[in-house]
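Have the sequence and the 3D view open as you read.

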Amino acid sequence: MARVVLALDKVQHRHQLPAPRWFKPWAKRSGPGIVKLSLDLHEGSILGLVGPNGAGKTTLLRLMAGILPLQQGAVSGRFRGETLHPVEDLRPWVGHMPEQVRWQGHQSVVQALTELADMRNVPIKRVLSLVKLVGLSDRSEEVLNNLSQGMRQRLSIAAALLGSPKVLLLDEPFNGLDPVAARAFTDLVKTLASKGVSVVISSHMVGHLNGLIDRVALLHQGQLLDEGPLGEVERRLGLAGRYRAAGTGSLSEDLLQHPDIEVLEHHAEGQAWELTFRGPASTLMVNLMEAAVHVERWGPVEPDLVEWLCAATGMEVDDISLNVQAPSMVPLATVEVGEDE
Amino acid sequence: MSDGARMWRMARRIRNERLLSVRLKIMVPILLLFIPGMAWGFADPNILLPGGHRPDTAMEILFYASLGVVFGATMCAVLLAFDGVSKDRASGMLELRLAQPMPRTQQADALVLGFLQAIVLPVLVLMVLSIGLVGWRTGLWTTALESAVYIIATSLILLWYVLFALLASTAAREQGTAVAFGVGVWFLFTFLWALFTTMVAYASGVAVGEANDPAWIALEGRLDLLSPNGVYHHLLETQLPTVDRGIPSWQVWLAALGWTVLPWWWLRRRMNDLVP
């Protein structure tokens, strides 16, 4: 396994919320955030940070970027054989792309990037090459107020890449990108990772990350529920090896009763049916072909965040969505993640 | 690029952006009216001030005209800098800036210097114009020392209001709060301070508003050290030999130093702890 470049050891940051009292109007209390989270980031890896709204993805990225102070725990980085401890010392090595930056004003694209480049001692040559890299070279002199949402997102990507970071933190980078730009962005991230850049991408859509990330961290209510390669996490949650098929024709019970096949869901309406199952896909396919059933769709079940959360927390969907709204932390760490099955 | 050069570059960018802003263009007529306009008025050879007094030196005329700085220029400083941080916070730019390796204290310094230059430069031009207008209308000219004190004192009061506005901007989560706080502080020191002084005088048993009562003059002089506008007038009074409110010059300059260092230090501290 590649070496660890960024290590988070029981880090904690809980947002301080106003809780005014009669004699202490400035009083605050701890609200949601990140609670005692440990995570290693490996060189050249692409880590997907997934979780529902309010899970703490943005807070965790801000902690890694050295924007938020650590209340507990430690973050250490290892770059060029040097171990850096105070989180502020990591900033030159870390590129951060916030979830939404409303680039506005009468500055041009190049001027706006140059301003940030100056804060990193990055030469103008690098700025121009990044403008080209994100596909904004035709718009390099365009005023920020005139940029579309997608162009602003591209500009944010360029800003994160200033200074050639060793760790790239991307908060919901697919927001506002058209499919072509999203594909180009995915290729760019893969290229950077192949050059040794460690990437963390947060998203509440696991599907977006499929095929891009090589590790996933599942976050809920500020706590890490599971982390590892996508397939491993799915297996640990009992969600691996699932297939979905749909078609028309008579689907008898005998056809589905095979010792190696576990039917998870079966919907039928007239002649149309849809089947979700776990087991050797080829076995069921042969059975269906022999029974002369018409199969229209067939494939593995895509990872789904809701299913993952339900499996990891043992909660129902409604409970999870309600808990996201709750301002206080629920000690999810007491909920056991499924054992390898 | 050295740290200092990087900070000045950022300050220059902020200055240029604000100097070309629509906001400043709107404020220029106000500044024209309040700074050279007042100097023109007080430089009238036939002017008769309350009590039958006529100003007899150029510095005295500029001292009276400094009301324009207190009312107009300080308000412009607040209106220019009130969203120095809160606007970036709302747009997400603050998060990007805070993620950069440039120390946050330097970012704070760049903000202060950038906004200060944006208001001081036009005011300086108008102040030089005022000195010229007074000289042209009355034939009285300020000495080099008087001009220097006038310019330094005015730059300092603008710095203080820029610092207050930026402090408010770091605390405010949205623009309305930032502008309310900045204008509130301006209102307190520009209008309400007289009420505060009166109340303290009344509580201390000093006859209120008796211009020739030494007790009132001394109390007002001391309380003025607690207000940026008061310190500004104290600084200008150091060049008026006929005015003596019992406050030694070193105390006035010490108060000026306090009004400069403390809010600046507080702003740097706030920037260090700032969260997007």
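Before going on, a word on the model and its labels. This is a predicted model, in which local features need pLDDT of at least 70 and side-chain atom pairs count only at pLDDT 80 or more, while totals for chains, interfaces and linings use all residues. Residues are numbered from 1 along each chain as its sequence is written, and chains are lettered from A and ligands numbered from 1 in the order in which they are written.

Now to strand β7 (residues 167-171) of chain A; helices (H or I, at least four residues) and strands (E, at least two) are DSSP runs, numbered from the N terminus. Five of its five residues are buried, so β7(A) is largely enclosed by the rest of the structure. Buried means that 20 or more other C-beta atoms, placed from the backbone, lie within 10 Å of the residue's own. Val167(A), Leu169(A) and Asp171(A) cover one face, with Leu168(A) and Leu170(A) on the other.

What flanks this strand? Strand β6 (residues 94-97) of chain A runs parallel to β7(A), joined by four bridges, and Met97(A) has Leu170(A) as its bridge partner. Strand β8 (residues 198-203) of chain A is also parallel to β7(A), with five bridges between them. Two strands pair if DSSP finds at least two bridges between them.

Finally, chain A meets chain B through 19 residues from chain A and 18 residues from chain B, where contact means C-beta atoms, placed from the backbone, within 7 Å. Helix α2 (residues 109-119) gives the most to chain A's side, with four residues.

Definitions and conventions: Contact = placed C-beta atoms within 7 Å. Buried ≥ 20, exposed ≤ 12 C-beta atoms within 10 Å, placed from the backbone.
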